[in-house]
Amino acid sequence: HCISSAASDVYKRQFLIHQSISFTIDMNGVMNCHITPSLPQGLILNPSSCTISGTLSFSYSSLHTITAISGFNTFIRIVSIEIISSLISYPQTNLIIGQGLSFSITPNLTKVSTISIVSGSLPIGLSINPSTGVISGSPSQLLSSQSVTIEAMSGTAIETVVLSFTVITPISSFSYLECSYVLKRNNPFSISPIISGDNPLFTITSGTLPPGLSLNQSTGIISGIPSSTFPSTSITIQASNQLGFIQTQLSFTVNALSTLTIILISLSVLIILIILISICLLYTSPSPRD
């Protein structure tokens with residue numbers, strides 16, 4: 001028998017778990033193959049075509065010998081089959097980043113791979129390294145939920161991952177018109193924040209508002225009718241979004257109505273009552289006889 005085998009006859013094949021597998025071994029035209037050791041469950045060898053096909057749901061790595069005999073000639077090929085769980089993964093797939101801020105994200109690579117974008121595009125200002133998969137740069141435009149599909153290829157193993165990018169403005173300033181407020185009990189009150197940044201969420205991180213007042217978490221407006229006197233107190237309000245936060249401090253005092261104000265209100269009520277009584281007496285007095 002003449003046996004044909006060489007280093008160039010070694011076939012190396014890598015695939016992912018659940019990836020469809022189908023490849024044919026060149027046996028110099030001889031189509032009567034058998035394999036040792038046996039393939040794992042999920043893969044089969046077609047002896048007529050020397051084609052290995054199927055899928056595997058688990059990691060696997062092994063060398064197999066394929067032999068084909070034609071007359072006095074024996075052809076031997078060595079096949080390396082490796083099934084890996086993943087080629088590439090990123091720590092996050094839904095990314096919210098700041099306009100004009102430096103950004104970088106590094107993937108986990110299990111094999112040396114060639115990495116490329118196969119659909120969609122990165123936000124303007126970002127780029128991807130084709131060897132490491134690192135995405136970096138400073139996004140220059142605002143956008144919402146822009147998707148990009150990234151492909152990693154190592155030999156015959158191919159994996160894609162989809163990333164979604166949202167670019168927002170970071171919170172750069174946050175304040176109210178004043179820092180200290182003196183309120184009157186039972187008088188309506190309302191103040192609005194002055195803020196620069198997208199999607200802020202407002203919360204009180206320390207202290208409490210006087211009874212009757214509340215903070216709108218979406219708008220930052222503090223409003224209401226203070227229902228009781230309240231000594232001077234400080235509160236800390238935080239404005240935050242997915243990129244960071246800024247805090248500001250306010251102080252509130254609620255006083256009762258001043259004595260002068262009470263006197264003036266009482267006099268006003270008394271005058272109104274006198275006028276009303278006078279009008280009633282005028283219309284109920286008997287008319288003089290002719």
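Predicted model: local features only at pLDDT ≥ 70, side-chain atom pairs only at ≥ 80, totals over all residues.
Welcome! Residues are numbered from 1 along each chain as its sequence is written, and side-chain values use heavy atoms, with hydrogens and water left out.

- Although Cys50 is not a glycine, its phi is positive, at about 60°.
- Cys50 is buried, with a relative accessible area of 0%; buried means under 20% relative accessible area, exposed over 50%, and partly exposed in between (1.4 Å probe, protein chains only).
- Cys33 and Cys50 form a disulfide, with 1.5 Å between their sulfur atoms; the rule asks for a pair of cysteine sulfur atoms within 2.5 Å.
- By this rule the count comes to 1 disulfide.
- The pair links distant parts of the chain, 17 residues apart: Cys33 belongs to strand E4 (residues 33–36), and Cys50 to the loop between strand E5 (43–46) and strand E6 (51–54).
- The torsion about the S-S bond of Cys33 and Cys50 is about 45°, so this disulfide is right-handed.
- Cys33 counts as buried too, at 5% relative accessibility.
- Cys179, with a relative accessible area of 55%, is exposed.

**The chain as a whole**

- The chain has 1 helix and 26 strands.
- Its radius of gyration is 39 Å, whereas a compact globule of 290 residues would have one near 19 Å; the radius is taken over C-alpha atoms, and the globule rule is 2.2 Å times the number of residues to the power 0.38.
- Taken along the principal axes, the C-alpha atoms fill a box of roughly 150 × 45 × 30 Å.
- Of the 290 residues, 36% count as buried.
- Among contacts with a separation of 6 or more, 61% are between residues 24 or more positions apart; contact means heavy atoms within 4.5 Å.
- The accessible surface of the chain comes to about 16,300 Å², and 57% of that belongs to carbon and sulfur atoms; such areas come from the Shrake-Rupley method with a 1.4 Å probe, and for residues only the protein chains shown count as cover.

**Nonpolar cores**

- The largest nonpolar core has 23 residues, of which Tyr90, Phe103, Ile135, Ile150, Leu163 and Phe165 touch the most other members; a core is a set of buried Ala, Val, Leu, Ile, Met, Phe, Trp, Tyr and Cys residues joined through side-chain atoms within 4.5 Å.
- Two or more residues of this core come from each of strand E10 (94–98), strand E11 (103–105), strand E14 (126–128), strand E16 (143–154) and strand E17 (157–168).
- E17 gives the most to this core, with 5 residues.
- Leaving aside neighbours within four places in sequence, Leu163 is in contact with residues including Tyr90, Leu95, Ile135, Val148 and Ile150.
- Apart from this core lies another, of 22 residues, among them Met27, Val30, Cys33 and Ile81.

**Aromatic rings**

- The structure holds 7 aromatic pairs; rings of Phe, Tyr and Trp (its six-membered ring) pair if their centres lie within 6.5 Å, and planes under 30 degrees apart count as stacked, over 60 as edge-to-face and the rest as tilted.
- The rings of Phe15 and Phe23 are stacked, because their centres are 5.9 Å apart and their planes are at 20°.
- Phe15 counts as buried at 5% relative accessibility, and Phe23 is buried at 8%.
- Tyr181 and Phe252 form a stacked pair, 5.7 Å centre to centre with 20° between the planes.
- Tyr181 lies in strand E19 (residues 180–184) and Phe252 in strand E26 (residues 244–255), so this pair ties together parts 71 residues apart in sequence.
- Both Tyr181 and Phe252 are buried.
- Phe174, Tyr176 and Phe202 form one aromatic cluster.

**Loop residues to look up**

- The peptide bond from Thr36 to Pro37 is cis, with omega near -15°, and Pro37 lies in the loop between E4 and E5.
- His18, in the loop between strand E2 (11–16) and strand E3 (21–24), has a positive phi near 70°.
- His18 is exposed, with a relative accessible area of 59%.
- Pro130 lies in the loop between E14 and strand E15 (135–137) and is partly exposed at 48% relative accessibility.

Notes: Helix = DSSP H or I, 4+ residues; strand = E, 2+ residues; numbered from the N terminus.
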